[in-house]
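Dear colleague,

Please find the structure we discussed below, for your records. My notes on what was found in it follow directly after.

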2 protein chains.
Amino acid sequence: MAKGTIFNRMLAIGVGLIGGSICLAAKKKGLAGHVLGYSRKLETAHEALKLGIVDECIAGPGDSNVRNVDVVVLSIPVRQYKQVLTQFLPSLPPNCLIFDAGSTKSDVAVMLDELEPQFPGLKARFVLAHPIAGGESHGPAAAVANLFEGRNCVLCSLPQTNPAGLKKVENFWAAIGAKLSTMNAMDHDEMFGAVSHLPHLLAFSYVASVLGHPKGAEFMKEGGAGYRDFTRIAASSPEMWADIFQNNSAALLSMLSGFEANIASLRKAIENGDRATLERILAQASEYRSHWKQN
Amino acid sequence: MAKGTIFNRMLAIGVGLIGGSICLAAKKKGLAGHVLGYSRKLETAHEALKLGIVDECIAGPGDSNVRNVDVVVLSIPVRQYKQVLTQFLPSLPPNCLIFDAGSTKSDVAVMLDELEPQFPGLKARFVLAHPIAGGESHGPAAAVANLFEGRNCVLCSLPQTNPAGLKKVENFWAAIGAKLSTMNAMDHDEMFGAVSHLPHLLAFSYVASVLGHPKGAEFMKEGGAGYRDFTRIAASSPEMWADIFQNNSAALLSMLSGFEANIASLRKAIENGDRATLERILAQASEYRSHWKQN
């Protein structure tokens, strides 16, 4: 193994923006000896090969190359994990590490519980990872080697996680520039339900509700800088975000309840001319947000 | 009157970010022969004088200079209009034009109805204006001559508005770089209730509701680019926005009802695993917002 190499043979399942960027970063930093790529759509895998994201494509779990990979990087919608793992695990070496890059974690932990009896030891070699990177663009063509430089990556280890495997995955993310933090899956989902999933839900819902007004589309043409920034995330992928909302429904809907209670208080204060309550709520938010700085 | 001059003697009531920027722009473009400034806080008026925003300060409606102004620019919180106008109108020449720069318009139209019997002809010489400019900063020190360059300014003429006076105000705003549009006060309030006031209410409420969670402040430290942009407007002035929410409560709460109905549909779809409804609502928003461009 060359100096600095962490994995001999990496298999990327999913080679879009996230998976493709992980491969490019691994190759650029010399962290993986050989990079294999798989996509459910053959043309996506071929595009990744042509772009130099992977060294080789495989057609599926039957490919003999699958038998000697030492790490699998799962960068596909979380709802596809179970089916894809069930297909690939019988062909993968028993000590092969697996890590993902999805936005929800408790649902993946539950899925691993369900697969563990069929694939004993799976939870020991699976590391749950969530790089805080991405955006509106997608596909292999959007992948870049520096996507994770300076960005946070949350690792959620399970009680069963093998420490040596976890260490390798930590070293990998650190080597491609990510700042690491660790928390359990429940805390992760609560935190990102609050600071990412709920804002997305509200932004989608706000735009959809104004579109429901007879003159809504006409009104929105006049939106200024406030409208622009507030609604930017409403342009995100409906499929991806429907997945996230469903997969993290418990934490998301609990945070939504808090928001609904707050908006009900504001409505009541406006209706009753209760200036003190109105200003108190606005001042709390303004005071906090004025001093907020991005990590 | 020098070439290009629109007004001989302008009185700015309020010399903060908006009023101060109007004065600076008027002076830079040679649109006003002499600029007088008034602020309820004497030190603010003196600051404006020192910064070259106004040529002279006046202490109040008793100042003899008030008797020969030909235009008044009202750039103070909308809730103070009635009291300030009641104080100044007896001293102002009967044909003096007045225009404002506030964010709500129907409430000002109602206030003018209330003052009209006491000051006959007031509605004929008052032009309701709303420049779409401003932001988190405030005070005379934040004023700049080019604040309105390329920005929209909505004029809401009343049926009683004197056409010659309206034309002068239009020429003034156009000369300081604003792009003009015209609509009635009700339409204005409905439009800005939808595209500005409701997003501000939701952003304030979102931050306040997360702060209400035991770990909310800790969670928000981890907010990424989506959180940053979605919440930027929650750092705005609580006093100013409490005014706007109260002054435009009818249009705002009506738009809020549409939003609440939409978020209830999304909650139900998530709770029931109704993927089709969930994706349909998200796709509507994403499709619209992906093609939206700022005017």
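Between chain B and chain A there are 10 salt bridges. In one of them, the side chain of A:Glu260 meets that of B:Arg267, with 2.9 Å from N to O. Please bear in mind throughout that this is a predicted model. Polar contacts between chain B and chain A come to 40 residue pairs, with both residues at pLDDT 80 or more.

Several helices of chain B contribute to the side that touches chain A: α6 (185-211), α7 (216-220), α8 (225-231), α9 (238-247), α10 (249-271) and α11 (275-291) each supply at least two residues. The largest share, 18 residues, is provided by α6(B). Sorted by class, the side of chain B that touches chain A holds 42 nonpolar, 20 polar and 18 charged residues.

As to the extent of the interface, 80 residues of chain B are in contact with 80 residues of chain A. The size of an interface is often given as the accessible area lost when the parts come together. Here chain B and chain A bury about 7,700 Å² between them, and 64% of that lies on carbon and sulfur atoms. Within chain B, the residues that lose the most area to chain A are B:Phe230, B:Arg267 and B:Arg289, which together account for 9% of what that side buries.

The largest nonpolar core has 142 residues, of which A:Tyr206 and B:Tyr206 touch the most other members. Which residues does B:Tyr206 touch, not counting those up to four places away in sequence? In chain A they are A:Ala194, A:Val195, A:Leu198, A:Pro199, A:Leu202 and A:Phe259; in chain B they are B:Tyr227, B:Phe230 and B:Thr231.

Two further residues of chain A may be of use to you. A:Ser75 is located in the loop between β4 (71-74) and α3 (81-88) of chain A. A:Ser75 counts as buried because its relative accessibility is 17%, and buried means under 20%. Apart from neighbours within four places in sequence, A:Ser75 is in contact with A:Ile13, A:Gly14, A:Ile18, A:Gly19, A:Ile22 and A:Ala101.

A:Glu218 belongs to helix α8 of chain A, residues 216-220. With a relative accessibility of 46%, A:Glu218 is classed as partly exposed. A:Glu218 and A:His138 lie 80 residues apart in sequence, and their C-alpha atoms are 29 Å apart in space.

With kind regards

Note on methods
Residues numbered from 1 in each chain as written. Chains lettered and ligands numbered in written order. Predicted model: local features only at pLDDT ≥ 70, side-chain atom pairs only at ≥ 80, totals over all residues. Heavy atoms only, no water. Contact = heavy atoms within 4.5 Å. Buried area = accessible area lost by both parts, 1.4 Å probe. Salt bridge = Lys/Arg side-chain N within 4 Å of Asp/Glu carboxyl O. Polar contact = N/O pair within 3.5 Å; in protein donor to acceptor, adjacent residues only side chain to side chain. Helix = DSSP H or I, 4+ residues; strand = E, 2+ residues; numbered from the N terminus. Nonpolar A, V, L, I, M, F, W, Y, C, P; charged D, E, K, R; others polar. Core = buried A, V, L, I, M, F, W, Y, C linked by side-chain atoms within 4.5 Å. Buried < 20%, exposed > 50% of the residue type's maximum accessible area, 1.4 Å probe, protein only.
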